[in-house]
Amino acid sequence: MSWWQKAASETQVTHRQRVWLYILATIIMFLLVIPTVIVIPMSFSESQYLEFPPREWSLRWYHEYLNTPRWVNATITSFKVATLTMLVATPFGTMAAYGLFVSGGRMSKMLFFTLMTPMIVPVILIAIGTFYVFGRIGLVNSIFGLVMAHTVLSVPIVMIIVTSALRTYDLNQERVAQSLGSTRIRAFFEITLPQLKFSIVTAALLAFLTSFDEVIISIFLSGGGNSTLTKQMFSALRDYIDPTIAAISTLMILLSTGLMLSLQILGGRGAR
Amino acid sequence: MASPEINKIEHLNADKLLAAERHENLTIFALSLPALIAVLVVIVIPVGWLFSLSFLDSSGQLSLVNYQKMIEYKSYARVFKTTFNVSILTTLLCILIGYPLAYFLSQIPRRYVGFFMLTVLLPFWTSLLVRTYAWLVMLQRNGLINNFAIDLGLWDTPLKLAHNLNGTLIGMVHIMLPFLILPLYAAMRRIDPHALQAAANLGATPVQAFWQIFVPLSLPGVVAGSLIVFVLCLGFYVTPAVLGGGRVILVSMQITAILEDQFNWGAASALGVVLLVLTFAALFLASRFLKLDEVMFGKR
């Protein structure tokens, strides 16, 4: 009996009877992936117009990107903001997740939901609200204001990841350490933290990406010399199709894919 | 940690122990303070401020004029209608396309899922702006889709695909699909395979077992996923702004338009408040059907 005549489900449907599902799933998977990566080959085109496949290959648009101060400055700003967001959101989120998880009770559940609101409130509202309030205290167009807003967007992600790691962690280990004479803080740093390390690294990288890819708040809160890459891209997109954006997009895809794949590989190793 | 045993034991130091415990609980609670302050500064105060602005007229007097306008002016009604229609359509299309793929992923052996799941995760990780740009390029007059379809003989002259509702929907569905597939897949994996075996034993055909056992059991996943998609669509800005070409105006775009053209904070805030209320209403309705924290954890 070849494999396609064997049962593929609990209801004894054979693989052959499921061929339609495999074909349909393959089509959908292509529809998901191709639009995501199509700009990569296009970015290596020589032409002014984006074509696929490119008639002539070149690095023209990468040169264009690297030689335009506007793009380079925006890239530096984005890296700065994303790194700072990561450095602030990771400890904030981890502290909150740990504190609320350990204390338990109704009050901490309420605080947990309060800290999750950035995921529910439409970002456009946060954007114009902070634009209004930060405008009065001179925080618009500043790195500080943008980092603060991005931190709030990233904290829920950090908290979700760290909380779910804490759920599978046995907190009694801290009590054992305390009963052996360690302080609570030392128990946390020497017993708990090393075991949460992988989750915290994951959370940090996601915080970085959240900030790096964020568009709407950046449109409102960044400007002048502190414009982020996404803000520059968005305003360029509205006017005309600049092939330089294809080159930048390719680099952004490489950045996010690289970060995420390394996490997957690290995670696979950690699980073993 | 509050351990009840301590309270029961008649101990000389009971008071001191209790005080120490209370102190520790407070310290642990205080750990969430930095994050709470950040939320206060970035969300509570700004949104609260907008809320109060929405009740002021142009001269700063307390009034309902901003909300009145929303009822009286037809342009507002149109924006809300478009937002609602686009959100519903996107959600339905996501279910239609996402369900078969989630089903496929839930049926193959677990060791292969990781590989196929990458096709969902890759777009999920990729910047939304990058994917919107890719669609803008592909949907152009002489873009990939038009050229491909003409070569295949599907249509003769280039169709107008970008800068309209079609383009907006295509882009939004592509961007929202992972948000539907991920929770739906998780829900499908939770279905007990024995239920389907039992159905087969009792004489159900595979088709019957699918429709009468599998689909109903997967509904919580469908509801959770479509709720996330719907709520995200309500406040969506980037993709409709780029792919709609000014022809598809959603609430979030109307808000920025009012700010850019008229600098009217009252009107923009009122729209924002309504958007927020609609979002919470959708979440509240859904929370009656399923646990809200499950949805939130499924979100990312």
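The model is predicted, so local features need pLDDT of at least 70 and side-chain atom pairs count only at pLDDT 80 or more, while totals for chains, interfaces and linings use all residues. Residues are numbered from 1 along each chain as its sequence is written, and chains are lettered from A, with ligands numbered from 1, in the order in which they are written.

Chain B contains 15 helices and zero strands; helices (H or I, at least four residues) and strands (E, at least two) are DSSP runs numbered from the N terminus. Its radius of gyration, taken over C-alpha atoms, is 26 Å, well over the 19 Å given by the globule rule for 300 residues, so chain B is more spread out than a compact globule. The globule rule is 2.2 Å times the number of residues to the power 0.38. Along the principal axes, the C-alpha atoms of chain B fill a box of roughly 90 × 75 × 30 Å.

The contact between the chains takes 71 residues from chain A and 70 residues from chain B, two residues being in contact if their C-beta atoms, placed from the backbone, lie within 7 Å. On the side of chain B that touches chain A, α3(B) gives the most, with 13 residues. By class, this side has 55 nonpolar, 12 polar and three charged residues. Here Ala, Val, Leu, Ile, Met, Phe, Trp, Tyr, Cys and Pro count as nonpolar, Asp, Glu, Lys and Arg as charged, and the others, Gly among them, as polar.

A nonpolar core is a set of buried Ala, Val, Leu, Ile, Met, Phe, Trp, Tyr and Cys residues joined through C-beta atoms within 7 Å. A residue is buried if 20 or more other C-beta atoms, placed from the backbone, lie within 10 Å of its own. The largest nonpolar core has 153 residues, and V155(A) and M176(B) have the most contacts inside it. Among the residues that V155(A) touches are F92(A), L115(A), A35(B) and A38(B). A second, separate core of five residues includes L196(B) and F214(B).

In chain A, 11 of the 14 residues of α6(A) are buried, so this helix is largely enclosed by the rest of the structure. The buried residues include V123(A), Y132(A) and F134(A). Their cover includes α7 (143-167) of chain A and α3 (33-53) of chain B. After α6(A) comes G138(A), whose phi is positive, near 70 degrees.

Note on methods
A residue is buried if 20 or more other C-beta atoms lie within 10 Å of its own, exposed if 12 or fewer, and partly exposed in between; C-beta atoms are placed from the backbone. Lists of a residue's contacts leave out its neighbours within four places in sequence.
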